[in-house]
Amino acid sequence: MAARIPLVLLACGSFNPITNQHMRLFELARDHMHLTGQYQVVGGIISPVSDAYGKQGLVSAKHRVAMVKMALQSSDWVTVDDWESRQPDWTETVVTMRYHYGRVAKQYQPRMEALSSQPAKSALCAPQLKLLCGADFLDTFHVPGLWRDEDVEEVAGRFGLVCVTRGGQQPDQAVHESDVLSRHRSNIHLVREWVRNETSATEVRRALRRGLSVKYLLPDDVIDYIREHGLYTHNSELKNKGAKLRPLTKQGLLD
Amino acid sequence: MEPVERIRVVLLACGSFNPITNMHLRMFELARDHLEDTGKYKVVQGIISPVGDGYKKKGLIEAHHRVQMARLATESSDWIRVNDWESLQSEWVETAKVVRHHHSTLLATQQNDDEVDTVKIGKRRRIEEPECVNENSSVSSTRKDTPQLKLLCGADVLESFGVPNLWKAEDIEEIVGHHGLVCITRGSSDAERFIQQSDVLWENRKNIFVTREWVTNDISATHVRRALRRGQSVRYLLPDAVLWYIQQRGLYSAESEKKNAGVMLAPLQRYSSTS
């Protein structure tokens with residue numbers, strides 16, 4: 001039996017707030033990658049974006065990280081990492097990936113060295129880090145000013161994507177319509193989600209500020225936390241209203 | 001401030017719950033929000049009533065497991081509970097009968113409360129508020145302070161009213177006319193069209209509350225069983241406590257899915273033999 005490639009899945013996003021759907025993405029992706037027979041998923045990382053991202057209604061990173069931590073209490077393989085959220089400025093996804101890849105590689109290095117000294121076991125694979133995303137994420141590659149070409153190249157080519165798609169979406173079209181993505185399509189794993197489960201954080205925030213129930217859409221602990229801190233209100237939704245997303249101003253690609 | 005006293009409502013959901021999923025639980029939350037938003041109702045309780053094994057549905061595992069899973073799933077809820085009366089019946093029970101059973105339980109509970117009241121405040125109230133027992137009343141309560149019982153269902157149940165031999169016409173009439181229906185619909189379903197196309201539903205349309213589910217949460221129990229048989233993760237589709245219960249007992253397998261295979265569903269068997 002050939003050795004499987006150890007794989008860590010990284011999800012970047014607002015997590016404003018985290019929902020059950022975010023955690024489903026990890027479960028679906030892990031099942032899919034295991035079925036390829038080539039990968040062994042050894043971990044999952046959730047990396048909430050920094051406040052500097054400038055998205056409308058984004059509550060403070062401290063709260064978003066705390067909620068993710070609570071939601072993941074019952075998971076034995078997905079963890080939260082607050083490195084990205086602690087950066088004073090927004091961090092390019094590719095930079096966040098490099099940071100996490102460095103950590104993963106460091107964890108594996110001693111083991112690999114130990115094993116490679118035994119000649120027969122030299123086949124041990126280097127670990128990989130792939131970006132986990134929803135299908136709508138692929139469309140962001142087409143939004144002018146959001147991505148640098150060389151970053152897309154590195155995310156898709158060097159690392160790779162695991163993209164979970166829903167019923168009506170056509171992710172293969174998004175891949176086809178981008179030259180960079182289509183060049184790296186063997187590194188883009190499309191996972192089909194058969195259960196329609198469209199719990200968006202936007203809908204959750206909307207229900208919360210209208211005083212409607214969100215029970216069973218996110219873990220009870222997270223709902224309690226939101227109530228205790230009075231997190232999602234009409235006021236909090238006005239935050240960053242009319243502001244430009246930081247990637248658009250930071251990278252200056254629109255000029 | 002509530003100018004008018006709200007009508008109290010108990011929501012009843014009948015079904016296989018094989019197994020219960022987060023979607024079943026969401027239906028209760030959506031229905032309660034919707035009814036209370038009308039300003040007229042106060043939802044005081046939700047009841048989950050798993051069907052008995054006599055229903056003969058393919059892949060239906062033993063009722064005691066389905067009841068236990070529903071109990072685990074509702075542990076964190078302060079208003080939804082599980083009732084095993086229907087699941088304990090050896091033969092399949094018509095939904096109208098289940099509704100009748102729970103309605104009479106509510107009436108009996110109410111009567112007990114009234115007797116306590118009577119001791120406290122004397123008979124004055126009885127005289128001032130004559131019981132309005134009306135056979136043709138459009139709602140199920142015989143007194144204004146007895147909660148109404150409404151059947152909670154998905155759009156598929158509304159649709160199933162049109163399937164030959166699945167329902168008795170007088171049962172539909174009784175459920176919709178006498179009690180009422182709260183129907184949760186997903187994006188593309190045509191609840192309004194089913195109501196429009198059925199005379200009995202249309203006549204009782206004021207008793208049918210169609211609740212639109214904006215967050216699509218289409219977690220069918222069929223899908224969950226399929227994923228379980230294939231060893232795929234179903235985490236976050238149902239409560240963790242239910243998942244552990246399933247895993248500990250190895251409940252859903254290729255073997256369990258063969259149960260009742262090729263057997264006619266109890267309602268079809270019952271009604272097609274009489275017609």
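## Helix α1 of chain A

Let's start with a quick geometry check: the 16 residues of helix α1 of chain A, residues 20-35, should span 22 Å at 1.5 Å a residue, and the end C-alpha atoms are 23 Å apart, which agrees. Keep in mind that this is a predicted model.

How enclosed is this helix? Of its 16 residues, 12 are buried, so α1(A) is largely enclosed by the rest of the structure. The buried residues form a run from A:Asn20 through A:Gln21, A:His22, A:Met23, A:Arg24, A:Leu25, A:Phe26, A:Glu27 and A:Leu28 to A:Ala29, and they also include A:Asp31 and A:Met33. Just after α1(A) comes A:Gly37, with a positive phi of about 80°.

## Where the two chains meet

Now to the interface. Chain A gives 22 residues to the contact, and chain B gives 22 residues as well. Between them the chains bury about 2,200 Å², and carbon and sulfur atoms account for 50% of that area.

On the polar side, 12 residue pairs are in polar contact between chain B and chain A, counting pairs with both residues at pLDDT 80 or more.

## The chain B side

Which elements of chain B give two or more residues to the side that touches chain A? They are α1 (22-37) and β7 (217-218). The largest share comes from α1(B), with five residues.

By residue type, the side of chain B that touches chain A has eight nonpolar, eight polar and six charged residues.

Definitions and conventions: Residues numbered from 1 in each chain as written. Chains lettered and ligands numbered in written order. Predicted model: local features only at pLDDT ≥ 70, side-chain atom pairs only at ≥ 80, totals over all residues. Heavy atoms only, no water. Helix = DSSP H or I, 4+ residues; strand = E, 2+ residues; numbered from the N terminus. Expected span 1.5 Å × (residues − 1). Buried < 20%, exposed > 50% of the residue type's maximum accessible area, 1.4 Å probe, protein only. Contact = heavy atoms within 4.5 Å. Buried area = accessible area lost by both parts, 1.4 Å probe. Polar contact = N/O pair within 3.5 Å; in protein donor to acceptor, adjacent residues only side chain to side chain. Nonpolar A, V, L, I, M, F, W, Y, C, P; charged D, E, K, R; others polar.
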